[in-house]
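The sequence and structure come first.

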Number of protein chains: 2
Amino acid sequence: MTKQRIKPSRPVNPSPAGLVTSASAAGVPNVLTLAEIFNVSIGKPVIVGIAVRKQRYSHELISRSREFVVNLPTVDILAAVDQCGSVSGRDLDKLAAFGLTPLPADKVRAPLIAECPINIECLVIGIHEIGDHDLFLGEVVAVHADENVLDATGRIVPARLGTIIYQNGEYWSAGTAQGRHGFTRT
Amino acid sequence: MTKQRIKPSRPVNPSPAGLVTSASAAGVPNVLTLAEIFNVSIGKPVIVGIAVRKQRYSHELISRSREFVVNLPTVDILAAVDQCGSVSGRDLDKLAAFGLTPLPADKVRAPLIAECPINIECLVIGIHEIGDHDLFLGEVVAVHADENVLDATGRIVPARLGTIIYQNGEYWSAGTAQGRHGFTRT
């Protein structure tokens, strides 16, 4: 196969489409769509990173409150996901405008989004300026899952998630399972 | 929907399955499978992050050489992807053992993997210890794509990528396109 040099931009694919919620000092919630959400530390502690541009309203809210929630949406609410990335929360209550239901979190003031099957509560433990985004590192202090995406032991079943995949400017559904991690060892 | 508190572990899904290549001081290449690969800065400069445990051989190689390549594999080579995450390069030439073809990169000594349609050359600009992983930040100095995943203008066509999605311990294919970013504005 012939290889060609291309312009990088956002070279890593896929990435998750996520809805990041935050709250103002007065407790007013906001939500931002991001594809830059990642598992950084997966043991003790569990740490999630999100990369947010300085000019975003959520950047201001998360910097002040030092809290955020990562909500993983499904294809069912794709229009809301796209809309939450298209307008600023300075101008609009995006949760209300796009039909997203806030639920109280356990440990932070930012809300969980009811329509998202996975909600990850985070306390900011570090902020790093990296190129055109700031990386917020969040220690995960609670994770919530809809009962219908879990098996009897409380484990997430990927086939029930319906998570949205972001690939080079397009939203995609997940396809089919190809094998479990470690399948070549069995 | 009733929500349930669950153990976090690796809460963000999906993530990309990637093959990260590096090279020893003598130029001997190594490869590691990671799901922790992310776009951090997407403009000027483009910066990619990878999270690697300290005990990995690739951690040692990348720390010394301050270079790595992110190769995005397809479902066609899923067995090799799984195998490269199951054994250490200290003990085995994984590229040869699992049928992966190294190609010379333009700017770094770590190889491109011929079988991967996207190859991202990175120079390390920072290393941050974050929980149980170290975050390597790589400035992207070249991106290569197979011609058959590009359109006539040199843009990546997601439907031609065949990238592997990692979700909670399972490898998945991509499903179907659901809309372009910004589709609710048109």
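Ile165(B) has Trp172(B), in strand 13 of chain B, as its bridge partner. Strand 12 (residues 165-167) of chain B pairs with strand 13 of chain B in the antiparallel sense, over three bridges; two strands pair if DSSP finds at least two bridges between them.

Strand 13 (residues 170-180) of chain A and strand 13 of chain B are also paired, antiparallel and over seven bridges. There, Ala174(A) has Ala174(B) as its bridge partner in strand 13 of chain B.

## Basis of the model

The model is predicted: local features need pLDDT of at least 70, side-chain atom pairs count only at pLDDT 80 or more, and totals for chains, interfaces and linings use all residues. Residues are numbered from 1 along each chain as its sequence is written, while chains are lettered from A and ligands numbered from 1 in the order in which they are written.

## Interface and symmetry

In chain B, 80 residues are in contact with 80 residues of chain A, contact meaning that the C-beta atoms, placed from the backbone, lie within 7 Å. Strand 13 (residues 170-180) of chain B gives the largest share of the side of chain B that touches chain A, with 11 residues. By class, that side has 40 nonpolar, 28 polar and 12 charged residues. Nonpolar covers Ala, Val, Leu, Ile, Met, Phe, Trp, Tyr, Cys and Pro; charged covers Asp, Glu, Lys and Arg; the others, Gly among them, are polar.

Chain B is superposed on chain A by a rotation of 180° with 0.0 Å of shift along its axis (RMSD 0.0 Å). This is the relation of a two-fold axis. The same surface serves both copies, as 100% of the contact residues of chain B recur in chain A. Of the residues of chain B, Gly175(B) comes closest to the rotation axis, its C-alpha being at 1.7 Å.

## The hairpin of strands 5 and 6

Strand 5 of chain B and strand 6 of chain B form a hairpin, with three residues between them. The two run antiparallel, and five bridges join strand 5 to strand 6 (residues 46-52). Among the paired residues, Ser41(B) has Ile47(B) in strand 6 of chain B as its bridge partner.

Strand 5 (residues 37-42) of chain B has six of its six residues buried, so the strand is largely enclosed by the rest of the structure. A residue is buried if 20 or more other C-beta atoms, placed from the backbone, lie within 10 Å of its own, exposed if 12 or fewer do, and partly exposed in between.

In helix 1 (residues 57-65) of chain A, the buried residues are Ser58(A), Leu61(A) and Ile62(A). Their arc around the axis is only 95°, which puts them on the same side of helix 1 of chain A. The arc is that of the directions from the helix axis to the C-beta atoms. Their cover includes strand 3 (18-23), strand 4 (29-34), strand 10 (118-130) and strand 11 (133-146) of chain A, among others.

Arg66(A) follows helix 1 of chain A and has a positive phi, near 55°.

Most residues other than glycine have a negative phi, and most peptide bonds are trans. Asn168(A) is not a glycine, yet its phi is positive, near 45°. Asn168(A) sits in the loop between strand 12 (165-167) and strand 13 of chain A, and is buried, with 22 other C-beta atoms within 10 Å. Asn168(B) likewise has a positive phi of about 45°.

Asn13(A) and Pro14(A) are joined by a cis peptide bond, with omega about -5°. Pro14(A) is in the loop between strand 1 (3-6) and strand 2 of chain A. Another cis peptide bond joins Lys44(A) and Pro45(A), with omega about -10°; Pro45(A) lies in the loop between strand 5 (37-42) and strand 6 of chain A.

Methods. Contact = placed C-beta atoms within 7 Å. Helix = DSSP H or I, 4+ residues; strand = E, 2+ residues; numbered from the N terminus. Least-squares fit on C-alpha atoms with pLDDT ≥ 70 in both.
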